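Subject: Structure for your review

Hello,

The sequence and structure are below. My notes on the model follow.

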Amino acid sequence: MKLLYTQNSPYARKVRVVALEKHLDLDLQEVVLGAEDSPVTQYNPLGKIPVLILDNDEGLYDSRVIVEYLDTRTPGSRLVPNDPRLRISVIRWCALADGICDATIAVMLEQRKVSDQQSASFIDKQMKKVEQGLAVLNEDINKKKWCVDETFSLADIAVGCMLGYVSLRLADMGWQDKYPNLSKHYTILSKRPSFKETAPVAA
Ligand SMILES: N[C@@H](CCC(=O)N[C@@H](CS)C(=O)NCC(=O)O)C(=O)O
């Protein structure tokens with residue numbers, strides 16, 4: 001299995017962390033998004049990474065589909081529980097974490113425009129999603145060791161990858177002071193080898 005990815009994509013990081021946690025070998029191919037010779041659109045018509053290319057040359061996307069696929073590849077403990085109630089809880093945490101990543105990317109892309117083409121109200125709207133999302137997650141995690149059912153799951157992975165990305169792209173917002181429960185959780189997650197090996201790199 002080959003993964004098309006970029007180093008700092010939080011969605012691709014989620015896939016890489018899942019593979020490491022499950023001891024699954026992935027052949028990693030770093031791509032440049034939008035490059036003429038990028039293989040991404042050949043496998044994903046949306047032109048987005050991550051894409052997992054299976055041994056039969058079929059492409060799987062997006063990260064939510066890929067992590068579920070990888071989770072079913074090994075016997076034993078699951079990162080997305082089979083129990084329907086727990087499963088919904090885990091994928092809801094993931095939806096919120098991914099949504100915060102979406103809003104963070106929207107802010108970054110807007111801020112990369114020349115200044116007279118940037119919309120302050122658009123940036124405010126996206127930042128509100130980031131702040132509201134972090135506030136809810138901070139409240140939900142409160143004194144729990146892990147996000148759902150006192151068990152390490154995909155919810156923890158998605159939240160950790162999102163916090164790594166927010167730290168990278170919105171370094172000035174000081175989320176660690178505003179959301180101390182999340183900050184504590186992030187410190188614990190960051191010590192895992194799977195997180196250390198996939199840490200984003202400041203560009
Ligand atoms: N929901 C998708 C989001 C993927 C995504 O937005 N990836 C970004 C990189 S972080 C991308 O490929 N952007 C290029 C584009 O939108 O054309 C997933 O979870 O895989």
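Among contacts in the protein (heavy atoms within 4.5 Å) between residues at least 6 apart in sequence, 67% join residues at least 24 apart.

Before the rest, the basis of the values. This is a predicted model, in which local features need pLDDT of at least 70 and side-chain atom pairs count only at pLDDT 80 or more, while totals for chains, interfaces and linings use all residues. Residues are numbered from 1 along each chain as its sequence is written, and side-chain values use heavy atoms, with hydrogens and water left out.

Overall form

The protein has nine helices and four strands; helices (H or I, at least four residues) and strands (E, at least two) are DSSP runs, numbered from the N terminus. In sequence order the pattern is β-α-β-α-β-β-α-α-α-α-α-α-α. The radius of gyration is 17 Å, close to the 17 Å that the globule rule gives for 203 residues, so the protein is as compact as a globular protein of that length. That radius is taken over C-alpha atoms, and the globule rule is 2.2 Å times the number of residues to the power 0.38. The C-alpha trace spans about 50 × 50 × 30 Å along its principal axes.

Surface and charge

Of the 203 residues, 47% count as buried. Buried means under 20% relative accessible area, exposed means over 50%, and partly exposed is in between, with a 1.4 Å probe and protein chains only. The accessible surface comes to about 10700 Å², and 51% of it belongs to carbon and sulfur atoms. Areas come from the Shrake-Rupley method with a 1.4 Å probe; for residues, only the protein chains shown count as cover.

There are 26 positive and 27 negative charges, and their mean positions are 5 Å apart. Lys and Arg count as positive and Asp and Glu as negative, with His and the chain ends not counted; a charge is placed at NZ of Lys, CZ of Arg, CG of Asp or CD of Glu.

Four strands form an open sheet with the order 2-1-3-4 and mixed pairing. Its edge strands are strand 2 (27-30) and strand 4 (59-60), each of which pairs on one side only. Two strands pair if DSSP finds at least two bridges between them. Strand 1 (residues 2-5) is joined to strand 2 in the parallel sense over four bridges, and Tyr5 stands opposite Glu30 in strand 2.

Backbone points to check

Most residues other than glycine have a negative phi, and most peptide bonds are trans. Which places depart from this? Here are the ones I noted.

- Ile49 and Pro50 are joined by a cis peptide bond, with omega about 5°. Pro50 is in the loop between helix 2 and strand 3.
- Tyr61 and Asp62 are also joined by a cis peptide bond, with omega about -5°. Asp62 is in the loop between strand 4 and helix 3 (63-71).
- His23 has a positive phi, near 55°. This residue lies in the loop between helix 1 (10-21) and strand 2, and His23 is exposed, with a relative accessible area of 72%.
- Asp149 has a positive phi, near 60°. The loop that holds Asp149 runs between helix 5 (120-141) and helix 6 (154-169), and at 49% relative accessibility Asp149 counts as partly exposed.

Lys48 lies in the loop between helix 2 (40-43) and strand 3 (51-53), and counts as exposed at 53% relative accessibility. Lys48 and Asp62 are 14 residues apart in sequence, and their C-alpha atoms are 7.9 Å apart in space.

Regards
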